[in-house]
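Hi,

Here is the model I promised to send over.

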Amino acid sequence: MATFKLYRLHFLSPLHIGDQRGDNDISLKTIHSDTLYAALMSCMVRQGKPIPDNGELGFTISSLFPYYQKTVEDAPTYFLPLPKSSNIMHSSIRNDSSVLKKMKKVAWIDAKYYRQCLDGKDLLSLSTEIMHGAYFTSTPLPTDNEGHTDFIVSSVVQRATIPDRTGIENTKPYFVDRVLFRNHAGLYFIAYGNTDVIDAVLPLLAQEGLGTDRNVGYGCFDYKVDTLEIDHPESSDYCVSLSTLIPENEQQLKEMLSGDEVAYDLARRGGWITTPPYSTLRKNAIYAFLPGSVFSLPYSEEKSVIGKIVNLRPECGELTPKHPIWRNGKSILLPIKR
C-alpha cells in the first residue's frame, strides 16, 4: 500500500492547454508533471525563493489526472491512467466486437479498481457495464445530449487579434478550444517527498492560473489537500509510471526497455520560455516517456522514483538566458505484474 499526498484542483475559469504545435483550436485535457513542476518553480521565483543549482525541489509529482465529484459534499472519484498494453480483456470476450469497441476508448481507471490492474487481473470479469467512454468506473457520470459520457467538455470560442494603430493589418479572427469541467470535477496530482514548497507556492499558482491564455483569466482554480491510498503488489519485475520520465542514463534506459511486456508512449517536451525577457525563445527539446508507460524494472521502495532533471536552456549567443531552464523527468513508479 502506498499513501500519497494529493492536491485536488477545482477550476474557476476555462482552461486551455496548448500542444507542441501551439494550435489554439485544440486543447489537451491534462497537464504533465514536468509542466506543473516548471509552473511551481516559476512561482518560487516570483516569491523571491532561491532555486537550487540542480533544480531539485525535494519532491516528485505525478501528472494531473481527472477526478469526478458531483457536488462538494460527495466523495471524489479519482482516476489513474490505464497502463499501456494492460491485460484487462478476458480471452473469452476478445472476439466480442462490441466490447472491443468500448475497450479502445478506455483511458482512465477508477483508483478503487487500480489494484486489480496492477495485479494483472482481468478487469472485465468485474463487469463490462462499468466502461463509460474513456472511464472505467462504477460511479455514475454525466452524459451530454448525444449520450456521450464525459465530465471534461471542450467548448470552442471565437476571438480576434487587434491590429496596431498603423492600420496596415486587419483584425484577424481565430478560435480557442476551452476545457470546462462539469459539476465539481477537475484535475488532481499526487506528491512524493517533502511538499513544503508546494504548500507555499500553490496559492500563488491558483491565482495566476495554469495553461495558456492566463492573461485573460484562464486556468484559475481553488484546491483541496487530500490523501490517496493505492494498493499494489509488494514486488514485481515491471513498473508503471505516473509522471513524465527521462531516464537517468543509457544503462537505465536499456534496462527499462529490456522486457517482453514493455509498452510505452513518448512525447517531445519543450516549448517556449516564459521568463521575460526571453519569452521569444524556444527551449531545447527532449523526448520523455508518458504516464501509463510500463517498464522492465524490479520494484523497490528505493526505486519508487527514478529519472532526472535536465537543463533545456538554448544557446543563443548574447540572447542566451542567464538562468537554467529545468525540465523535470523524475517519475513516481508503481509495481505492476505482467
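To start you off: is tyrosine 188 buried or exposed? At 0% relative accessibility, tyrosine 188 counts as buried (buried means under 20% relative accessible area, exposed over 50%, and partly exposed in between, with a 1.4 Å probe and protein chains only).

Two bits of housekeeping before the rest. This is a predicted model, so local features need pLDDT of at least 70 and side-chain atom pairs count only at pLDDT 80 or more, while totals for chains, interfaces and linings use all residues. Residues are numbered from 1 along each chain as its sequence is written, and side-chain values use heavy atoms, with hydrogens and water left out.

Now the aromatics. The structure holds 15 aromatic pairs (rings of Phe, Tyr and Trp, the last by its six-membered ring, pair if their centres lie within 6.5 Å; planes under 30 degrees apart count as stacked, over 60 as edge-to-face and the rest as tilted). One of them joins phenylalanine 11 and phenylalanine 221: the ring centres are 5.7 Å apart and the planes sit at 65°, so this pair is edge-to-face. It ties together distant parts of the chain, with phenylalanine 11 in strand 1 (residues 2–11) and phenylalanine 221 in strand 11 (residues 221–230), 210 residues apart. (Helices, H or I of at least four residues, and strands, E of at least two, are DSSP runs numbered from the N terminus.) Both phenylalanine 11 and phenylalanine 221 are buried.

Back to tyrosine 188, which makes an edge-to-face pair with phenylalanine 65, at 6.0 Å centre to centre and 75° between the planes. Here too distant parts of the chain are linked: phenylalanine 65 is in strand 3 (residues 65–68) and tyrosine 188 in strand 10 (residues 186–193), 123 residues apart. Phenylalanine 65 is buried as well, with a relative accessible area of 2%. Both rings belong to one aromatic cluster made up of Phe65, Tyr67, Tyr78, Trp108 and Tyr188. Over the face of tyrosine 67 lies arginine 8, at 5.9 Å from the ring centre (a charge sits over a ring if NZ of Lys or CZ of Arg is within 6 Å of the ring centre and within 35 degrees of the ring normal).

Strand 3 pairs with strand 10 in the antiparallel sense over three bridges (two strands pair if DSSP finds at least two bridges between them). The bridge partner of phenylalanine 65 in strand 10 is tyrosine 188. Strand 3 also runs antiparallel to strand 4 (residues 77–81), joined by two bridges, and there tyrosine 68 has threonine 77 as its bridge partner.

Elsewhere, four strands form an open antiparallel sheet in the order 15-12-19-16. Its edge strands are strand 15 (294–295) and strand 16 (305–306), each pairing on one side only.

On the helix side, helix 1 (residues 33–46) and helix 4 (residues 196–208) pack at an angle of about 95°, with their axes 9 Å apart (axes are lines fitted to C-alpha atoms, for helices over the stretch in contact, and angles run from 0 to 180 degrees between N-to-C directions). That makes helix 1 roughly perpendicular to helix 4, a label for angles of 65 to 115 degrees, where under 35 is roughly parallel, over 145 roughly antiparallel and the rest oblique.

Cheers
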